[in-house]
Structure formats: C-alpha cells, structure tokens
Amino acid sequence: RPSPAGGAPVCALAAAAVLIPHLGSAASGFGARRSVDALGLLLAALTLIAAVSAAVNPTELTAINLVLGYAIPLALYFAARQDRLTVAGVCWIVVALAAGLIVRFGIGLTVFVQVFGVPETPIAVFFMRDEVQSSDYVKATFGNTGNTASLIAVTLPVLLASLALLKLSAAARLLIAMAVALLLLNAVITGSRGVLAFSVLAFLAVLAFFANRRTTLAYFAALLGIAAWLNVGVPTGLELDPLIDYFTFAGETDSSAIERADSIAIGLETIRNHPLGVGPNRSVEVNEFSVPHQFALNQGSDIGFIA
C-alpha cells in the first residue's frame, strides 16, 4: 500500500523510467482501434470507475492510490502491448522475478529464524501462526501473512512452468529452483491452508500439462521430498488436535475463517453505505479486518458496487 515513507516513491520512479520511453506507444495502444481488446477495455473501465470514486472521496491518499494502483498499470498495459516480447525476454523476466523473490523471501526466512530459531520439526511452525502474524517476519515480507501467501500463490506456478517450458541455462535453473524452495519454506511459515493446497495443485498441474519425462521425475521427487519433510513427527509436548481443527476448518476454533466471514459482512455493509466506494485502496480504513476477504467485495468497497 503506498505511503509517503514507503514504496510509493520507488514505484513512481520505476513506472516513470518504464513509461517515459513508451508514452507514444501507450497513447497509440490506447487509441488505436486495432489494439483495443477485452482486457484493455476492462482495465480502462475499472480505472474510470476508480476515478469517479476518487472524485467522490477526495484526499491526497486517494489520489496516490488512483495513480499508482490504476492509472500507471493501465498505461503500462497499453505500452507493453505495442512491443514484441521474445522468448529470451521472457527468460530474463522470469530470472529477474526469481532473483527478486530470493532477496525478499530470503530476508523473511532469515528474520523468522532470528526471532524463533530453527523449529524442531516443520509441523512445529503451524503452532506458531499467531506469534508469526505479530512478529517482525510480517514487516520483513509483505505486511501480513495473507499478503505473503497471496504472492506465493501467484508466482509459484510461473516459476514451475518456466522450469518445464523454457530453455534456461543451468545457472538460471538453479536460481529459479532456489526461489521455489524459498517460496515453499515461506508458505509453511505463513501457515496458509490455501497456499499450501495451491502449491501442491501447482506442482500437479505442471506435471500434467507441461513437464517432459525428465522434469516429471524431478517434480515427483520434489513432491515426495516435501511430503516426507513435513511428515517427520509432532514436536514433543504439542497436541495434534488444534492442528487438525485448523486444517479441517473446525468452525468453533477456526478464528481465521470466522474473521474472514466477519470481514465479508463488513464489506457488504460498506457497499450498501457507500455505493461509489470509499476510495481506491481505502477499504482498509473502514474494515477492522483490514479488507473484505473476497475480491469482488474488496473492489466494491474501494471503488463502488459497479466494480
């Protein structure tokens, strides 16, 4: 989330560096009839709706959110559509993504070990969920464990598919494999049921649709290794019942699921009270659980029911 002392200046400078050489391409991409597609129209419509919401809720933060969260991504999309992306370019992008993930998730893992030490077994990490959520780990990663888990869910399939599809050098493959390992370690630290299940599905999807025989064997070996690593026993003195309740969504004890339901109810109430939204990326100010944990309601709370 942009803030004067946070990532907003960096985002703005990076966007300017990318956009300035391509302003003509962005304009032609937006204006040329041949370039208009469904996704472009959707992004333009969302940006217009967000602009209306920002006008109804005029603040400095709303304006920053509108520019960084809607206008710049829209311009980047139309600029990027005018350039042909080669396979070599894709390889460089994936390698750069992997390198960035290694830095950020490596810092997160380091901070976790500094705060909690090395757990007796991987399963012990799941008993630390509450402590992790209020520790320096979330500051070292992406603000909360939910954000961190979401980024893992988005990037892990990209890295796995890249290993299966792209012709990469040995060094690039090693870098991407290191990123995958760090993502999986941090997925365990977040304790997110969704991202852990999604990680297994991502592995299986790559196995089913992309992998050749050699990479298939490698991925199966990785899956078996992860399963064995997680199944190394319960730490001394810890009972499995709370963990079983957590992974079976036991309603009376699953505070995470209960909070999500409550956040969704607040999101619906926000849309009823503010049909044009409370402003881009500002539902965090009116929802005690940060945001409605449902994408459509989150968008509706921010920029209105039309979204």
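Biologist: What is the relative accessible area of Ile-64, and is this residue buried, partly exposed or exposed?
Modeller: This is a predicted model, and in it Ile-64 belongs to helix H4, which covers residues 60-80. Buried would require under 20% and exposed over 50%, so Ile-64, with a relative accessible area of 26%, is partly exposed.

Biologist: How far apart in space are Ile-64 and Asn-281, C-alpha to C-alpha?
Modeller: Along the sequence, Ile-64 and Asn-281 are 217 residues apart. In space, however, the C-alpha to C-alpha separation of Ile-64 and Asn-281 is 9.8 Å.

Biologist: How far apart are the end C-alpha atoms of H9, and what span should its 21 residues have?
Modeller: At 1.5 Å a residue, the 21 residues of H9 should span 30 Å.

Biologist: Where in H9 does a kink lie?
Modeller: The kink is of about 30° and comes shortly before the proline Pro-157. Among the buried residues of H9 are Ile-152, Thr-155, Leu-156, Leu-159 and Leu-160. The residue at which the kink lies is Thr-155.

Biologist: Is Asn-186 buried or exposed, and which backbone oxygen does its side chain reach?
Modeller: Asn-186 is placed in helix H10, and at 0% relative accessibility Asn-186 counts as buried, since the cut-off is under 20%. Leaving aside residues up to four places away in sequence, Asn-186 touches Phe-105, Gly-108, Leu-109, Tyr-137, Thr-141 and Ile-152. At 2.8 Å, the side chain of Asn-186 reaches the backbone oxygen of Leu-182.

Biologist: How many salt bridges does a search of the whole structure find, and how far apart are the closest N and O atoms of Lys-139 and Asp-136?
Modeller: The search of the whole structure finds 3 salt bridges. Lys-139 and Asp-136 both lie in helix H8 (residues 136-140), where they are 3 residues apart, about one turn of the helix. Lys-139 counts as exposed at 68% relative accessibility, whereas Asp-136 is partly exposed with a relative accessible area of 44%. In the salt bridge that these two residues form, the closest N and O atoms are separated by 3.8 Å.

Biologist: What is the N to O distance in the salt bridge of Glu-269 and Arg-272?
Modeller: Glu-269 and Arg-272 are separated by about one helical turn, because they are 3 residues apart in helix H14 (residues 255-273). Glu-269 counts as partly exposed at 35% relative accessibility, and Arg-272 counts as exposed at 56%. The side chains of Glu-269 and Arg-272 meet in a salt bridge with an N to O distance of 2.8 Å.

Note on methods. Residues numbered from 1 in each chain as written. Predicted model: local features only at pLDDT ≥ 70, side-chain atom pairs only at ≥ 80, totals over all residues. Heavy atoms only, no water. Helix = DSSP H or I, 4+ residues; strand = E, 2+ residues; numbered from the N terminus. Buried < 20%, exposed > 50% of the residue type's maximum accessible area, 1.4 Å probe, protein only. Expected span 1.5 Å × (residues − 1). Bend = angle between axes of the 7 residues up to and from the residue. Salt bridge = Lys/Arg side-chain N within 4 Å of Asp/Glu carboxyl O. Polar contact = N/O pair within 3.5 Å; in protein donor to acceptor, adjacent residues only side chain to side chain. Contact = heavy atoms within 4.5 Å.
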